[in-house]
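Here is a short report for a first look at this structure. Keep the model in view as you read.

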Amino acid sequence: MQLRRIQLSVPVPSQARRPLSRRQWLRIGLYMAIGIPVLSLFLSIYFIWFSPHFVIDYVEISGANGLDMSGVRRLIFSQMDQSRYHIFPQRNISFFDSEAAQHAIWEEYAISQLSIEKQSPNTLKINVYEEPFQAIWYTKGKYYKVDGRGIIIKEVDADLLTDIPYALPSADNFGTIAPIRTPPAKTELKAPPLLFIQDSTNSDTSSGMTVLSPHTVEAMGTLRDKLASQHIEPYYIVTKPLEHDIEIVTTQRWSIRINVFEHVDEQIDHLRVVLQQRVDKDRNDLQYVDVRFDNRIYIKKK
């Protein structure tokens, strides 16, 4: 029998891996310290930017007494269709520019205070804190909308205004008001829905200019209610920019001179007493009543 020599291969033990050096560990730690936050940041941006979870779906308006809510929503949606810094979509609540939206609403509506709150994840809440103040400033034959801060917002086309006081008098460059050309005495005057304010100085004006002081705005905002109890309606008001003395031309074709910096309620009460004791009910011969000087009341008849 022939014998063969068979050589079996013996596995060679693998060489043990060398442990990582301190420098390698530091390099791995550095990569992780930089990479994980960067990855998390990109994932967060992607989620906030593109997730429908943050798309504005609700616009809530509170305290809007007399405010055109549909018009406000239109302005908000118009703002949402724009991009912030030409990059960020404003439909996303995180990128919605509340300040720009406020400015757009201020230009369109005359309201005294306004705020826009972002309520996560997809709601805008518009708060109107006070009764809307609406007035029209008239000077040099032009009409301007005034907001609740007494600031000129923009010029208004006269064709868009309703019930403009008949033949609103103009003033020359010296502040002299032309005679009031009112309709015939038999024609009943109608109080316009907005307060029309005549600038007796006939001065230039522009958007952003302050023409009414806070005292004047506050007084004018309550004049209708204060005078209604005496069956008096304002037709329009004559004053100067930032002036505290105002003259209220009534629908009865006579006027009331008041200082809004003083106690307006007391002046209105003095007016009530004078009308009851010194003036006939029809008041046809009355030209004006001046109640600006405490208990010294001045009456002038035609």
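## A pair across two strands

Ile-116 stands opposite Ile-126, a residue of strand S5. The model is predicted. S5 covers residues 123–128, and strand S4 covers 114–119. S4 and S5 pair in the antiparallel sense, over six bridges.

## The sheet

The order of the three strands is S1-S5-S4. They form an open sheet with mixed pairing. Strand S1 (58–62) and S4 stand at the edges. Each has a single partner strand, so one side of each lacks a neighbour in the sheet. From one strand to the next, the twist averages 20°.

Strands of a sheet pair through backbone hydrogen bonds, and the pairing is either parallel or antiparallel.

## Helices on the sheet

Two helices are described here. H2 packs on the sheet and touches S1, S4 and S5. The direction of H2 makes about 140° with that of S1.

H3 also packs on the sheet, touching S4 and S5. The direction of H3 makes about 145° with that of S4.

## A closer look at H3

Helix H3 spans residues 98–108. Which of its residues are buried? Ser-98, Ala-101, Ile-105 and Trp-106 are. Seen down the helix axis, the buried residues of H3 fall within an arc of 140°, so they line one face of the helix. Their cover includes helix H2 (69–80) and strands S4, S5 and S8 (152–156).

Asp-97 sits at the start of H3. One of its side-chain oxygens reaches to within 3.3 Å of the backbone nitrogen of Glu-99.

Notes:
Residues are numbered from 1 along each chain as its sequence is written. This is a predicted model: local features need pLDDT of at least 70, side-chain atom pairs count only at pLDDT 80 or more; totals for chains, interfaces and linings use all residues. Side-chain values use heavy atoms; hydrogens and water are left out. Buried means under 20% relative accessible area, exposed over 50%, partly exposed in between (1.4 Å probe, protein chains only). Helices (H or I, at least four residues) and strands (E, at least two) are DSSP runs, numbered from the N terminus. The arc is that of the directions from the helix axis to the C-beta atoms. Contact means heavy atoms within 4.5 Å. A polar contact is a pair of N or O atoms within 3.5 Å; within protein, one must be able to donate a hydrogen and the other to accept it, and residues adjacent in sequence count only if both atoms are side-chain atoms. Two strands pair if DSSP finds at least two bridges between them. Axes are lines fitted to C-alpha atoms, for helices over the stretch in contact, and angles run from 0 to 180 degrees between N-to-C directions.
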